[in-house]
Each structure stands twice: as C-alpha cells, then as structure tokens.
Amino acid sequence: MIPGAFDYHRPQSLDEAVALLAEHGDEGRLLAGGHSLIPMMKLRMAEFAHIVDLAGIADLKGIHVDGGTVRIGAMTTQHDLIASDALAAAAPIIRDAAKQIADPQVRYMGTLGGNVANGDPGNDMPGLMQCLDATFHLTGPSGERSVAAREFYEAAYMTAREDDEILTAVSFAAPKGGQAYVKQKRKIGDYATAAAAVILVRDGGSCAAASIAMTNLADTPVLCEAAANALTGTAVDEAAVKAAVAAMQEAIDPVEDNRGPVEFKKHVAGVILARAIARAWDSA
Ligand SMILES: Cc1cc2nc3c(=O)[nH]c(=O)nc-3n(C[C@H](O)[C@H](O)[C@H](O)COP(=O)(O)OP(=O)(O)OC[C@H]3O[C@@H](n4cnc5c(N)ncnc54)[C@H](O)[C@@H]3O)c2cc1C
C-alpha cells in the first residue's frame, strides 16, 4: 500500500520542529522511527499533509547516565538502548525489555520517544516507564514541561501530550534491586499477549519495596500497586506471589482479540508475572 501524498519537513533544531508543528496544526504529524506511523499511513488509517521528521535534530539523541539519574533522548533507537553498557549497568531492565521488542530491523529504526508517545497499549516501553516511575519531558510553543509517565496515558492513543508538543526525553532514577521484563508473544516480531515489568528491592530475606506494571492488558499500561504491596514485607514466597498475581488480575482489563479470550489473557498474565517476580527476586 502507498500512503497519501504529504510534504516532508526535516528540521535541524527543536525550535524549528516546534514552529512547523504549530504552523501545520492538525495537518502535521511528527515522524521518529516511522515503525508505528508509516504502517498506519500505508494502510490509509492515518493521512497527514505535513510530516515533520525529527531525525535531523542531534539534541534529541543520546543516553546520559549521571550519578543516579538516567536521561534518554527521544530519538534514541531501541538498538541504541540495547547497545549501551552504561545504561545496562544503571537500569538492566531497559535492555531486557528492548531486546523483546519486534525484531532487529524494527529496533534499528524505532525510537524510545516514538514508542512512549504513540499511546499504543501494545508498546512495551510505556509499561516499563510506569514501573520505573519515569518522567517525560515535553517542549511546545509555551515552553518546556514534565509529566510523570504514570499520569501520561489516558486511553488507547490518547496521552497527556498536546498535539503541538514534542517529547524530547525520558528520565528516571536508576532503579535499585532486582529487575525483570518478561513477555509472552505469539511469535518473534509480535506485540505482547501479556508482559510484566518488575523491580524488587531485597532487605535480607524480605522484600523492602516493589514496583510492577503490565503491558497490553488494558487500554493503557497498568501500574499494579496492590500487587506490589502484596509482595512488600514478605519473603516473596508462594503465598505472596499468588496474592500479587490475584491483585494484578483484578487491576488489568484485557479484551478478547486475535491473541485470545479474556480468561486466557488473564491466565497468561498471571504466569508471566510469576516468572518476572521469580527472576527479579533471584537477581535482587
Ligand atoms: C513488525 C513490527 C513489530 C513491532 N513489535 C513491537 C513490539 O513488540 N513492542 C513494541 O513496543 N513495539 C513494537 N513495534 C513498534 C515499534 O517499536 C515502533 O518503532 C514504535 O512503536 C514507535 O516508534 P517510532 O520511533 O517508530 O515512532 P513513529 O512510528 O515515527 O511514531 C509513532 C507515533 O509517535 C509520535 N511521535 C514519535 N516521536 C515523537 C516525539 N518525540 N514526540 C511526540 N510524538 C512523537 C508520531 O507522531 C506517531 O504518532 C513493532 C513495529 C513493527 C513494524
């Protein structure tokens, strides 16, 4: 399929990109790696008269690990996330998750910014960003602002980003403790049937703190605070894991689709979460 005709813009600075978005309003759309947007355009599910490509803006790329803080530019590709040893040392769960996105071809082009800004419930990074309690940095005609990832997702493809804002970077405190991202998919290159991001902090034999988020099991990523609470203060034994899984299954809201019926998805989510907890606890 061939997309509709559009004018292509390649700004060299963030200011220029913001101005182009403001100029073209609803008719303009940002392009990052293109691996969510271009398929939609080719299927004619999306048509825009002006495409503003962010690829020429050097300031939007890069991974900075500074003490306990990690900041990643929006145009950093999923491949870059996997390749960075500094990032793997500061937040191994990012490499763990990025390696499970699509396939190498997609990961060479697809960006962190595009993945989190898109608002597709199937994208893996939004759930992970809930688990990390990340902050999203936005720039628009009125200047810069920050939004907590946990407050960013409103519904499928609906986010707190205004149409004239550009997501410039993601930042978070380097997480302490054991971490795991576990994903069940039908085949290589598929989106998740269910995925779980888990971070557990161990104090002696007990869990001092926990963070859990699930992917593709509702319209938005699901931060499972009750599931995390079910593990905190326990030895992460069988009863605690069972309680966490039950709490997670209460929090998610999957719909039947070609990945299976609701009960199946809830079951898979339970298996995936239990595996993620076990892996995170082992490395805590
Ligand atoms: C075969 C296939 C399999 C895939 N499997 C997975 C998977 O398993 N898991 C997964 O997470 N993803 C998957 N994807 C999606 C892939 O990761 C995309 O690359 C990603 O979702 C979007 O990133 P992008 O850089 O390509 O963004 P684009 O496609 O360029 O943009 C996506 C949307 O975000 C907006 N946008 C992009 N950048 C910004 C920004 N900086 N600020 C504001 N808005 C912005 C665009 O305007 C557009 O609306 C798959 C894609 C394909 C083609």
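Figure 1. A polar backbone atom of Asp190 comes within reach of the ligand, 3.1 Å from one of the ligand's oxygen atoms. Taken alone, the ligand exposes 960 Å², and the protein buries 92% of that (areas by the Shrake-Rupley method with a 1.4 Å probe; for residues, only the protein chains shown count as cover). Before you look further, please note that this is a predicted model, in which local features need pLDDT of at least 70, side-chain atom pairs count only at pLDDT 80 or more, and totals for chains, interfaces and linings use all residues. Residues are numbered from 1 along each chain as its sequence is written, and side-chain values use heavy atoms, with hydrogens and water left out. Leu37 also has a polar backbone atom 2.7 Å from an oxygen atom of the ligand. For His35, a backbone N or O atom lies 2.8 Å from a ligand oxygen atom.

Figure 2. You will find the ligand in the largest pocket. Here, a pocket is an open set of points on a 1 Å grid over the protein atoms alone, where a 1.4 Å probe fits, with protein on both sides within 12 Å along at least five of seven lines; a molecule sits in it if more than half of its atoms lie within 2 Å of its grid points. Strand 2 (28–31), helix 7 (112–117) and strand 10 (166–173) are the elements that give two or more residues to the shell around the ligand. Helices (H or I, at least four residues) and strands (E, at least two) are DSSP runs, numbered from the N terminus. The ligand is surrounded by 30 residues, the closest being Leu30, Ser36, Leu37, Thr111 and Asp124 (a residue is near if one of its heavy atoms lies within 4 Å).

**Figure 3. Gln78 in helix 3.** Gln78 belongs to helix 3, which covers residues 78–83. This residue counts as buried because its relative accessibility is 3% (buried means under 20% relative accessible area, exposed over 50%, partly exposed in between, with a 1.4 Å probe and protein chains only). Apart from neighbours within four places in sequence, the contacts of Gln78 include Ala98, Ile101, Val106 and Thr111 (contact means heavy atoms within 4.5 Å).

**Figure 4. Helix 8 and the residue after it.** All eight of the eight residues in helix 8 (125–132) are buried. Among them are Met125, Pro126, Cys131 and Leu132. Asp133 follows helix 8 and has a positive phi, near 55 degrees.

**Figure 5. Two loop residues with positive phi.** Most residues other than glycine have a negative phi. Ala102, not a glycine, has a positive phi of about 45 degrees. Ala102 is in the loop between helix 5 (92–98) and helix 6 (104–109), and its 15% relative accessibility is why it counts as buried. Asn216 has a positive phi near 65 degrees, and its place is the loop between strand 13 (206–215) and strand 14 (222–223). Asn216 counts as buried because its relative accessibility is 18%.

Figure 6. His9 is part of strand 1 (residues 7–9) and is buried, with a relative accessible area of 17%. Setting aside neighbours within four places in sequence, His9 touches residues including Leu20, His24 and His50. Ala276 is in helix 11 (residues 262–282) and counts as buried at 0% relative accessibility. The C-alpha atoms of Ala276 and Ala195 are 8.9 Å apart, although 81 residues separate them along the chain.

Key: A polar contact is a pair of N or O atoms within 3.5 Å; within protein, one must be able to donate a hydrogen and the other to accept it, and residues adjacent in sequence count only if both atoms are side-chain atoms. On a 1 Å grid over the protein atoms alone, a cavity is a set of points where a 1.4 Å probe fits but cannot get out, and a pocket is an open set with protein on both sides within 12 Å along at least five of seven lines; lining residues have an atom within 4 Å of a point.
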